[in-house]
Amino acid sequence: MSDRKIRVLVAKPGLDGHDRGAKVIARMLRDAGMEVVYTGLRQTPQMVAEAALQEDVDVVGLSILSGAHMALVPRIMELMKENDMEDVPVFLGGIIPDDDVPGLKELGVTGVFGPGAHSADIVAAIEEAVTGG
Amino acid sequence: MDELIAKAQAGNRRAIARLITRVENDEEAAKTAVTTLYSQTGQSHIVGITGSPGSGKSTLVNALAKELRRRDLQVGIVAVDPSSPFTGGALLGDRVRMQDLAGDKGIFIRSLASRGSLGGLSRATSAVVKVLAGSGFDVVLVETVGAGQAEVDIANTAHTTLVIEAPGMGDDIQSIKAGILEIADILVVNKGDRPGSNRTVRSLQTMLHLNPEGGTMRHHGRVMQMAKNDDPAYELPEDGWQVPVQRTVATEGDGLPELVDAIQSHWRYLQESGEWLEREKERSRQEIEHLLKARFMSHLQKAVAASEQEAMVTAVAERELDPYTAVDQLFARATLPEVMD
């Protein structure tokens, strides 16, 4: 199992059309040696949960810039739980106000990375969440 | 593992997904899964989709799956994208084009990274396809990495191979080169609403006509008139399968019913002509050979220490030993009775 690659789903739930950030993250994780499944824009929570299930990913990364994260994230977490995937770490990126972070962590989000986050930190956090968990 | 396989066979999607991960990462798991599922994998129609990057493979797979679902068939999809030769990472972007399929329980999509294989598929693809076939999917669509001219592994995995071309990708000479076009059971000219698509269709048809054994000259009308594809009797000429050229606009769904008709005609042709068994035999032969090679190599690694092998390599490099004698010695060592047990 030594050649086991970390599989990551990078998803853009909700209605904002700005996927530059998600693509930068996807590219960066690819260059860190991970297998990144990118879903594309405007995913419903159901689509995200279903993709995570079919692809059997180790980590889910969500990029949300619409401000709807407090509506989208709980629904995604709920659906992943229904799919028996509550042990899969979820990371969040995009525009997330600091005040919302504690609430999101309470929902089970492992990490939140906004603008200015360093790529090495993101990679390290993902590797730790996967191998440590 | 047995429980996982049983659940996958019963159609549990989480179990199917997990089983695929195991099969992809672990040779022993692949062996167990294939051994258990193999007898039930003969019913699925494996359809390969290959073509150059940007010809519209993923979009066509999306459109094909929708049409197959309309015909009430369960569809498994395996989409392979390339791994980086430098970092081993991969960006698997085929799902982006398959959004229409979300939420349909009759569809299961799995993205695979090629992980260093060069033939357009990954090493584990054939085992992953068997997991889906053994889990009750009627049709398994296998999308290769964007292929150039020689990535023809798909023809050994699929029963029916679609080669996708888009207009404006080269002149007539491209179409008579050896390689990818030769493996097509069905040629698809996608983006058929683009300028130049008539010319692409024509040059492919001309290529088929140039085949002296193809018999297409005698069935001139058939190749030229794609509308005749809806006549099932017409699909079964006595002298073999006539490779049709199908024009599609995958984004709009144009030409998709006709393409699925052609795929199903090919399936009937394989069954009725007995070529199904021939293809399965050829596929099985390749698979056995491939597994046997892998087994022998891993056996060799155990039989002869790495340091000894390295010393032999050095001896060959320094011209103290020639490569044939080196192979003789290694082979003799690996096949000694006491190491064979």
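Start by selecting Asp56(A), which is buried at a relative accessible area of 9% (buried means under 20% relative accessible area, exposed over 50%, partly exposed in between, with a 1.4 Å probe and protein chains only). This is a predicted model, in which local features need pLDDT of at least 70 and side-chain atom pairs count only at pLDDT 80 or more, while totals for chains, interfaces and linings use all residues. Residues are numbered from 1 along each chain as its sequence is written, chains are lettered from A and ligands numbered from 1 in the order in which they are written, and side-chain values use heavy atoms, leaving out hydrogens and water.

Stay on Asp56(A). It sits in the loop between H2 and strand E3 (59-64) of chain A (helices, H or I of at least four residues, and strands, E of at least two, are DSSP runs numbered from the N terminus). Its phi is positive, about 50°, although Asp56(A) is not a glycine. Most residues other than glycine have a negative phi.

For a second case, go to Asp72(B), in the loop between helix H4 (57-70) and strand E2 (75-81) of chain B. Phi of Asp72(B) is near 65°, and this residue counts as exposed at 65% relative accessibility.

**The interface**

Show both chains and select the residues where they touch. Here 30 residues of chain A are in contact with 27 residues of chain B (contact means heavy atoms within 4.5 Å). The buried area is about 2,400 Å², with 46% from carbon and sulfur atoms; buried area is the accessible area (1.4 Å probe) that two parts lose on being put together, summed over both. On the chain A side, Glu35(A), Gln54(A) and Asp56(A) lose the most area to chain B, together 24% of what that side buries.

Next, look for charged pairs. Seven salt bridges cross the interface of chain A and chain B (a salt bridge is a side-chain nitrogen of Lys or Arg within 4 Å of a carboxyl oxygen of Asp or Glu). Select Arg115(B) and Glu35(A), whose side chains meet in a salt bridge of 2.7 Å, N to O. Helix H1 (20-31), strand E2 (35-38) and helix H2 (45-55) of chain A are the elements that give two or more residues to the side touching chain B. H2(A) gives the most, six residues.

Glu50(A) lies in helix H2 of chain A and Arg13(B) in helix H2 (residues 13-25) of chain B, so the pair joins two chains. Glu50(A) is buried at 12% relative accessible area, and Arg13(B) is buried at 13%.

**Within one chain**

Move to Lys7(B) and Glu3(B), which meet in a salt bridge of 3.9 Å, N to O. They are four residues apart in helix H1 (residues 2-9) of chain B, and therefore separated by about one helical turn. Lys7(B) is partly exposed at 40%, whereas Glu3(B) is exposed at 56%.

**The cores**

Finally, select Leu64(B). It is among the residues with the most contacts inside the largest nonpolar core, which has 76 residues (a nonpolar core is a set of buried Ala, Val, Leu, Ile, Met, Phe, Trp, Tyr and Cys residues joined through side-chain atoms within 4.5 Å). Helix H9 (residues 256-273) of chain B gives the largest share of this core, seven residues. Leaving aside neighbours within four places in sequence, the contacts of Leu64(B) include Ile49(B), Leu141(B) and Leu259(B). Apart from this core lies another, of 29 residues, among them Ala49(A) and Leu72(A).
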